[in-house]
Amino acid sequence: MNQQLLSQVMASCVNAPDWLMKKRQLAVLLQERFKSTPAAEKIMAAWLENPNLAQLEQSADEQANADQVKAAVPHTTGWVNLPLFAAANAYPELLQENLMEKAISWQDSQLNAMHLALLNGGRFIYIPDGTIVKEPIELTVDCPLPNYHNLVIVGAGAQAAIVEHQTATGRQPAYFGTELLLGDGARVDYYQSNRFSAAQNHQAVRAYQAQHSVLNMYLALFDEHDLTTDFYANLDGQGGAAEIKMVTIASGQQVQDVQTQILNHGPHTVGNIVQNGVAKDKAVLNFHAVGKTEHGAYGANSQQQSRILTLSDECKGEADPVLLIEENDVNAGHAASIGKVDADDLYYLESRGLSEHDAQVLLTRGFLLPVLNQFPDQKLRENLVDELAQRLEEKHE
């Protein structure tokens, strides 16, 4: 298999710089050393069925002269927004040092290594030190390719809102990866609500944060296909803060396995996880939340809350809260709950003329909206409320 993959990678790297080609070749050699998971095996097997998946599809602007691209973009916006492979030529130092190195590591798992080896495209966002981007930066694309990757670098003291609303239109399982690298004192509000067409998918959002940086991550998992996730923030510098707020629905025979982790590595860092999910029909929803405080992270604060509401006897939910504490001077706590919809509440609503379906919709909204309403951007919040309403109207046998 390695020789076949190496041939595919070589064929796809015609316009890529030498360092990226070698990195992707190393990823091919590395991936077989890992023990795989059933979900990862299913995704990778589907990728390998099609020998053209590794072929690099570049748009016309990606073929533009690297020097012209590098010179033009910062003068018009004050920050950089480029296709990933164009950026590999225009900003080789930034990408070679950071692409799948500090947040989503290509050397961490077989799936990550394969994602890099078969990388099809993505975006590169670079916000220089001290730059304040007033309008939200939208990462919105209808993507037919299975391996899409965004690299976002936010310099010291810079501020931005990132809105990711991507649609994987292909039938091959998709891996959407987003890396957020925050410099000293940077602030980022990140919103995500992606869509997938394939039956099995994976999405990862990982952040690396320098001292006194602030990241607010707002996630709405309203897709109706099987999904594994990897949401992670590494608070490396002192005084950094990360908050992950999430709402999700699992319905039909869908399986959602949600991994969320905040690492308090620096002193006086603050990590907070809040996630509410609803499982219905025959779906499976698992929350695995980890708050880790490493030795030396004195004065750290690590909190998490995971709540799952089940709407049928056949669905399953699991909330697995974990605190790993290696320092004495910390404030840490967790709360987790899994419960069925209250029969009295359901009976009351039905006695007032609502059908069972409409009653469940109303109770689900009441369970998820308290978290969704904490998303600060009004327009985005309203869009997500509309998406929630559409998702709740879907009926499954």
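This is a predicted model: local features need pLDDT of at least 70, side-chain atom pairs count only at pLDDT 80 or more; totals for chains, interfaces and linings use all residues.
**Salt bridges, helix packing and aromatic pairs**

Asp18 is partly exposed, with a relative accessible area of 42%. The side chain of Asp18 forms a salt bridge with Lys22, in which the closest N and O atoms are 3.1 Å apart. Lys22 is partly exposed as well, at a relative accessible area of 46%. Both residues belong to helix H2 (residues 18-31), where a spacing of four residues separates Asp18 from Lys22 by about one helical turn.

In general, side chains of opposite charge can pair when their charged atoms come close. Asp189 and Arg187 meet in a salt bridge with an N to O distance of 3.9 Å. Here the two partners fall into separate accessibility classes: Asp189 counts as buried because its relative accessibility of 16% lies under the 20% limit, while Arg187, at 36%, counts as partly exposed. Arg195 and Glu387 form another salt bridge, and their closest N and O atoms are 2.5 Å apart. This pair links distant parts of the chain, since Arg195 sits in strand S10 (residues 195-196) and Glu387 in helix H10 (residues 378-393), 192 residues apart. Arg195 is partly exposed at 21% relative accessible area, whereas Glu387 is buried at 14%.

Attention now turns to helix H3. At 1.5 Å a residue, the 12 residues of H3 (residues 38-49) should span 16 Å, and the 17 Å between its end C-alpha atoms agrees with this. The buried residues of H3 are Ala40, Ile43, Met44, Ala46 and Trp47. Together they cover an arc of only 155° around the axis, so they lie on the same side of the helix. Pro38, Lys42 and Glu49 are exposed on the other side of H3. What covers the buried residues of H3? The cover includes helix H7 (110-117), strand S5 (147-154), strand S8 (175-182) and strand S11 (200-209).

Helix H7, one of these covering elements, is itself mostly covered, with eight of its eight residues buried. The buried set in H7 comprises Gln110, Leu111, Asn112, Ala113, Met114, His115, Leu116 and Ala117.

The largest nonpolar core holds 40 residues, of which Ile127, Ile137, Ile162, Leu180, Tyr190 and Leu215 touch the most other members. Beyond its neighbours within four places in sequence, Ile162 is in contact with Ile137, Leu139, Val152, Val188, Asp189, Tyr190 and Tyr191. Apart from that core lies another, of 37 residues, with Tyr91, Ala117, Phe124 and Leu181 among them.

Leaving aside neighbours within four places in sequence, the contacts of Asn264 are Leu235, Thr269, Val270, Gly271, Lys292, Thr293, Glu294, Ala297, Ala300, Asn301 and Ser302.

The aromatic rings complete the picture. A pair of aromatic rings is described by the distance of the centres and the angle of the planes. The structure holds seven aromatic pairs. In one of these, the rings of Phe176 and Phe196 have centres 5.5 Å apart and planes at 45°, so the pair is tilted. Because Phe176 lies in strand S8 and Phe196 in strand S10, the pair ties together parts that are 20 residues apart in sequence. Phe176 counts as buried at 2% relative accessibility, and Phe196 is buried at 4% relative accessible area. The pair of Tyr218 and Phe375 is also tilted, because its ring centres are 4.9 Å apart and its planes stand at 50°. This pair links distant parts of the chain: Tyr218 is in strand S12 (residues 214-221) and Phe375 in the loop between helix H9 (356-372) and H10, 157 residues apart. Both Tyr218 and Phe375 are buried.

Key. Residues are numbered from 1 along each chain as its sequence is written. Side-chain values use heavy atoms; hydrogens and water are left out. Helices (H or I, at least four residues) and strands (E, at least two) are DSSP runs, numbered from the N terminus. The expected span of a helix is 1.5 Å times one less than its number of residues. Buried means under 20% relative accessible area, exposed over 50%, partly exposed in between (1.4 Å probe, protein chains only). The arc is that of the directions from the helix axis to the C-beta atoms. Contact means heavy atoms within 4.5 Å. A salt bridge is a side-chain nitrogen of Lys or Arg within 4 Å of a carboxyl oxygen of Asp or Glu. A nonpolar core is a set of buried Ala, Val, Leu, Ile, Met, Phe, Trp, Tyr and Cys residues joined through side-chain atoms within 4.5 Å. Rings of Phe, Tyr and Trp (its six-membered ring) pair if their centres lie within 6.5 Å; planes under 30 degrees apart count as stacked, over 60 as edge-to-face and the rest as tilted.
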